[in-house]
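Keep the viewer open as you read.

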Amino acid sequence: MLKLYGGAKSRASIVRWYLEELGIPYEFVLIDLQAGEQHQPEFLKLNPMGKVPVIVDGDVVLWESGAILLYLAQVHGELPKDAAAAAQVYQWVLFANSTLTQAMFPAETRDRQLPPLLKGIETALMGQSYILGKDFSVADVALGSMLAYLQMLFQVDLSPYPAVADYVARLQQRPAFQKGLMGARA
């Protein structure tokens with residue numbers, strides 16, 4: 001059975017959301033980040049960076065939430081076979097995990113860095129239910145989780161971006177979001 005290592009209130013909740021979407025059984029291994037369990041030799045064998053999340057899927061050991069999401073999408077047939085279409089998925093996963101996340105921190109620059117990105121996401125979502133069109137994908141897990149975190153952690157007002165606000169609300173209604181992302185927040 002796949003094992004997911006993560007801490008309470010960590011990016012492991014993003015992976016949990018996607019595992020729930022896919023209906024994949026998994027064992028969640030809670031790492032006590034406050035106690036420094038991520039720096040213990042046993043855990044460092046899995047991720048020498050001492051960070052969560054980490055998955056162990058048979059002989060495959062992966063860390064970094066974006067890499068894990070893309071791996072799961074590929075293994076479970078959720079990535080498009082066409083290279084250009086797959087690249088669109090990669091683009092949004094990498095954008096969420098890099099560009100958007102960097103704009104969230106530090107707090108002093110958030111008000112300057114986020115609006116242009118939110119405007120771009122707003123434009124991309126116009127007239128479609130999900131970031132890549134009519135179908136939900138792993139790109140929505142990556143992007144949607146970061147947008148949900150903006151509201152949960154920083155109370156960012158998305159009302160100037162109605163398509164983004166509707167998108168986040170739509171994602172939050174998904175049972176897998178509730179179980180994976182919200183259930184993992186405790």
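Predicted model: local features only at pLDDT ≥ 70, side-chain atom pairs only at ≥ 80, totals over all residues.

Start at the meeting place of the two domains: 13 residues of domain 1 are in contact with 18 residues of domain 2, where contact means heavy atoms within 4.5 Å. Domain 1 runs over 2-77 and domain 2 over 83-178, with bounds that come from an automatic or database domain assignment.

Numbering starts from 1 along each chain as its sequence is written, and side-chain values use heavy atoms, with hydrogens and water left out.Back at the interface, the two domains bury about 1,300 Å² between them, 73% of it on carbon and sulfur atoms. Buried area here is the accessible area (1.4 Å probe) that two parts lose on being put together, summed over both. On the domain 1 side, Arg 11, Trp 17 and Leu 70 lose the most area to domain 2, and together they make up 50% of what that side buries.

What about polar links? Between the domains there are four residue pairs in polar contact, both residues being at pLDDT 80 or more. A polar contact is a pair of N or O atoms within 3.5 Å; within protein, one must be able to donate a hydrogen and the other to accept it, and residues adjacent in sequence count only if both atoms are side-chain atoms. The rule also finds one salt bridge across the interface, meaning a side-chain nitrogen of Lys or Arg within 4 Å of a carboxyl oxygen of Asp or Glu. Glu 21 forms a salt bridge with Arg 174, and their closest N and O atoms are 2.8 Å apart.

Which elements give two or more residues to the side of domain 1 that touches domain 2? They are helix H1 (12-22) and helix H3 (65-75); helices (H or I, at least four residues) and strands (E, at least two) are DSSP runs, numbered from the N terminus. H1 provides the largest share of that side, six residues.

Among the buried ones are Ile 68, Leu 69, Leu 70 and Tyr 71. Their cover includes E1, H1, E3, strand E4 (60-63), H4 and H6. After H3 comes Gly 77, whose phi is positive, near 70 degrees.

Most residues other than glycine have a negative phi, and most peptide bonds are trans. Against that background, a cis peptide bond joins Val 52 and Pro 53, with omega about 10 degrees. Pro 53 sits in the loop between helix H2 (41-46) and strand E3 (54-57). Another cis bond runs from Phe 105 to Pro 106, with omega near -5 degrees, and Pro 106 lies in the loop between helix H4 (83-104) and helix H5 (107-125).

Positive phi turns up too. Lys 9 has phi near 55 degrees and belongs to the loop between strand E1 (2-6) and H1; at 59% relative accessibility, Lys 9 counts as exposed. Gln 155 has a positive phi of about 50 degrees and is found in the loop between helix H6 (138-154) and helix H7 (162-172). Is Gln 155 buried or exposed? Its relative accessibility is 55%, so Gln 155 counts as exposed.

Technical notes
Buried < 20%, exposed > 50% of the residue type's maximum accessible area, 1.4 Å probe, protein only.
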